[in-house]
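Let's take a walk through a protein chain together. Keep the picture in view as you read.

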Amino acid sequence: MPYEDGNSAVPGPGGLSGTPPAELPGILATVGRTPLIELERLAPHLPVRLVAKAERFNPGGSVKDRSALSMVLHRVRTGELVPGRSTVIESSSGNLAIGLAQICAYFRLRLVCVVDSRTTPQNLAILRAYGAEVDVVTTPDPVTGELLPMRLRRVAELLAATPDSYWPDQYANPLNRQAHLTTMREIAEALDGKVDHLVLAAGTGGTLGGCAQYIREAGLSTTVHAVDAVGSVLFGATASCTRLIPGHGASVRPKLLRPADADHVVRVTDLDCVVGCRRLVRREAILAGGSSGAVVSALDRIAPLVEPGATVVVILPDGGDRYLDTVYDDDWVSAHFGDVAKLWQDEWAGEQGSPGATLADIGR
């Protein structure tokens, strides 16, 4: 469906100002209200209070559960999606797909998920376990060589051929952004409004836009640091390389994105993500996903901008169990980056009194 104005205020489950949603039934009631975790060991060299919003505790395992619920629930409540009759069609091979699969299963909505040949077997298995139908695109776009344009073309074909169908389109749907008013409300209320810096991964513009909107509406003085990928086009750069780790950045700028929502932009590499993930699990025993590693790796970059005693909140979008074959697999890491284990092993040893490498030692 087209959206007349990506900046329009559309009521989601959290309301226009991030007010608490009405009570939801069953598993849906567990979306949101994720915990904040004090990170005391991750960056002891930074004289700040460091807190993580752990989005893996959503029922589908990621921050995308919030977006999926917002984009589906609104249409169920208005009668535009009818349980047992309507079909949801979306292009996604990761966390959003899984969030949609769980929510569509609850509402007895048919879900057709358009994925591509790079989708992991684990994600395909999760989607099918929820009853989603998977449509796999294997041929890249002849002009760009990318698979995403072909996935979107396939979505358009399926929508045209399927009565009573709906395309959530997370890259343009304002309900995606509205969902994250609640994300920021939860953070602000838990910390009594003292959120000096917020560090989050930017992708569709949903989390960034919703959090930034809440900050403005609530009159908070929070500085928003958006973490993008090297090679991404989100904030004006030119697409320049193939990225290995999903969850942040994009090869096409989403309609939903407002670059001005970010006060500061940090760009990180795939290697930064790996080191950030490994450091997080090694120091804090938190097994997090690739974009969480991106956020962790950005902390050293923003250090000169953070005042002593500040409260810094990082949003960790998902868990690391879907990255066991990549980020947490020593052979995969070695094949793509070489012998880099010292970047997190020596770092830990450094805390015990030996010199250690930090992210600043990684070649840029």
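Here is a short tour, from the whole chain down to a few single residues.

## The big picture

First, a heads-up: this is a predicted model. The protein chain has 364 residues, and 55% of them are buried.

Take the contacts between residues at least 6 apart in sequence: 71% of them join residues at least 24 apart.

## A four-stranded sheet

Now look for an open sheet made of four strands, in the order E5-E4-E3-E6, with parallel pairing. Strand E5 (133-137) and strand E6 (165-166) sit at the edges with a single partner strand each, so one side of each has no neighbour in the sheet. In general, the strands of a sheet pair through backbone hydrogen bonds, and they can do that in a parallel or an antiparallel way.

Zoom in on strand E4 (residues 110-116), which is joined to E5 by five bridges. In one of the pairs, Val112 has Glu133 in E5 as its bridge partner. Helix H2 (residues 95-107) lies across E4 and strand E3 (87-91), and runs at about 165° to E4.

The largest nonpolar core holds 40 residues, and Leu50, Val199, Leu299, Val314 and Trp344 touch the most other members. Elements giving two or more residues to this core include strand E2 (49-54), strand E7 (197-201), helix H7 (270-284) and helix H10 (342-351). A second, separate core has 28 residues, among them Leu69, Cys104, Cys113 and Tyr166. Nonpolar side chains tend to be buried together in soluble globular proteins.

What does Trp344 touch, leaving out residues up to four places away in sequence? Its contacts are Val274, Val275, Arg278, Arg279, Arg282 and Val333.

## A serine in a loop

Ser86 is found in the loop between helix H1 (64-78) and E3. Is Ser86 buried or exposed? With a relative accessibility of 1%, Ser86 counts as buried.

The side chain of Ser86 makes a polar contact of 2.7 Å with the side chain of Asp164. Beyond four places away in sequence, Ser86 touches Glu80, Leu81, Leu109, Arg110 and Asp164.

## The two ends of helix H9

Last stop: helix H9 (residues 330-337). At its start, a side-chain oxygen of Asp329 comes within 3.0 Å of the backbone nitrogen of Asp331. Just after H9, Gly338 has a positive phi of about 85°.

Conventions:
Residues numbered from 1 in each chain as written. Predicted model: local features only at pLDDT ≥ 70, side-chain atom pairs only at ≥ 80, totals over all residues. Heavy atoms only, no water. Polar contact = N/O pair within 3.5 Å; in protein donor to acceptor, adjacent residues only side chain to side chain. Pairing = 2+ DSSP bridges. Contact = heavy atoms within 4.5 Å. Axes fitted to C-alpha atoms, helices over the stretch in contact; angles between N-to-C directions. Buried < 20%, exposed > 50% of the residue type's maximum accessible area, 1.4 Å probe, protein only. Core = buried A, V, L, I, M, F, W, Y, C linked by side-chain atoms within 4.5 Å.
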